[in-house]
Amino acid sequence: MSAREVVIPDIGDAEDVEVIELCVARGDHIDIDGALIVIESDKASMEVPSPFAGTVSEIKVELGEHVNAGHVVAILDVAREAAVPPSEDAVRAEPPAPAEVPPKAPAPPPEPIPATAPVETVSDGAQVYAGPAVRRLARELGVSLREVPGSGPRGRIVKDDVKGFVKAAMTRAAAPTSAGLPRMPAIDFSKFGPVEEVPLTRIRHRGARNLHRSWLNVVHVTQHDEADVTDLEGFRRSLADQAQAKGSKLTLLPFVVKACAENLGAFPRLCASLNPDADGLILKHYRHVGFAVDTEEGLIVPVLRDVDRKGVWELAGEIAELSELARTGRLTPDQLSGGCFTVSSLGRQGGTGFTPIVNAPEIAILGIGRLEMKPRWNGTAFEPRTMLPLSLSYDHRAINGVEGGNFVLELTRLLGDIRRLVL
């Protein structure tokens, strides 16, 4: 048996991710790839697996703690290592004490982490979930925990909740808001009837902050058009038997994603980002396309890499795989980063158009509405055609109306005759 430290692996560009679940306790046995903890960024949650089989001797993190890559998660008494040892960046061996130095007395075992935080029932009947350290911090800052919303499991209040509450109070006293906008007045809606306040999930809450930041910083323009996808829909439906044989579901989305990637090659400015000073463009020579997935936790945007180099079948398989990982909370940071353009499809729920918000630092996003049969004039008579609503939002600082209009026009041509993709 030997002691091993397990640390947070590379988590991409995510920082200060929160520990939302402890999967093991001191003394538990764990197998290789067993989950030690669950962490969550503003995009998704992920498990930190054990690269060893052994016994947990120490847990080095707490619920609600914010950690980064390299942070020590736990110390294991290892019985067996993985067949391919992890890199030294992921796991570090605890150095043995020199033989001539008497071993130190073992440190007292850490206090067990309770299943829930200590509960205190206050005079008005409400319950406050918070640990001793959080209560001590609240007393030092003069904060009533009854007024602090908890972000931890089951509404547990963590230190950052208390600090955030104090910071928000100080900000309100100093200015209307950080954006200089007047705050919405607080209204007691219970005067009008029964109400219930339901907290947003972490992903919805952080996603809302990101969308608000994009809305405030991006000069949004949205252009609407329709693509005649009658022939494309007929072709897609003719592939139903092949899709079933492949164990796949061939929707319209992979065709749209493929057409967008092809179009970005002709309109590289829509595949760029503004530099931090907004006085230059960073042109990207790759075509990674994100697509929005609706999950119970909120909207998540996995990224398909090198879409221009892949066929529709391969894209359909990757879309299905990433969508399932998104819905089960198992996407990795690498699968959520690097996009240069996003497609958001409302499918059957979509209407005739909407105004998608640019997923900054990207410059453009395409919204897809609901397919609809419409009469179209062919020069001599009206005929029924299957039309797909398209809504392109873009940053007007980098893209002018002519460029945005030409992008949409060419996209409708590609979707109207998918054979153009092979030219």
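This is a predicted model: local features need pLDDT of at least 70, side-chain atom pairs count only at pLDDT 80 or more; totals for chains, interfaces and linings use all residues.
## Glutamate 233 and its partner

Glutamate 233 pairs up with arginine 237 in a salt bridge, where the closest N and O atoms sit 3.4 Å apart. Arginine 237, on the other hand, is exposed at 57% relative accessible area.

Both residues belong to helix 4 (residues 230-238), and because they are 4 residues apart there, about one helical turn separates them.

## Threonine 386, a neighbour in contact

Now hop over to strand 22 (residues 382-395), where you'll find threonine 386. Threonine 386 touches several residues from elsewhere in the sequence, including Glu233, Asp228 and Met373. Its relative accessibility is 14%, so threonine 386 counts as buried, the cut-off being under 20%.

The structure holds 15 salt bridges. One of them joins glutamate 226 and lysine 374, with the closest N and O atoms 2.4 Å apart. This pair ties together distant parts of the chain: glutamate 226 lies in strand 12 (residues 220-228) and lysine 374 in strand 21 (residues 372-377), 148 residues apart. Glutamate 226 is partly exposed at 23%, and lysine 374 is partly exposed at 21%.

Glutamate 58 and lysine 60 also meet through their side chains, at 3.6 Å from N to O. Elsewhere, Glu18, Arg202 and Arg206 are linked in a salt-bridge network.

## A buried loop residue

What about alanine 130? You'll spot alanine 130 in the loop between strand 11 (127-129) and helix 1 (132-141). Alanine 130 is buried, with a relative accessible area of 0%. From alanine 130 to leucine 145 the C-alpha distance is 8.4 Å, with the two 15 residues apart in sequence.

Definitions and conventions:
Residues are numbered from 1 along each chain as its sequence is written. Side-chain values use heavy atoms; hydrogens and water are left out. Helices (H or I, at least four residues) and strands (E, at least two) are DSSP runs, numbered from the N terminus. Buried means under 20% relative accessible area, exposed over 50%, partly exposed in between (1.4 Å probe, protein chains only). Contact means heavy atoms within 4.5 Å. A salt bridge is a side-chain nitrogen of Lys or Arg within 4 Å of a carboxyl oxygen of Asp or Glu. Lists of a residue's contacts leave out its neighbours within four places in sequence.
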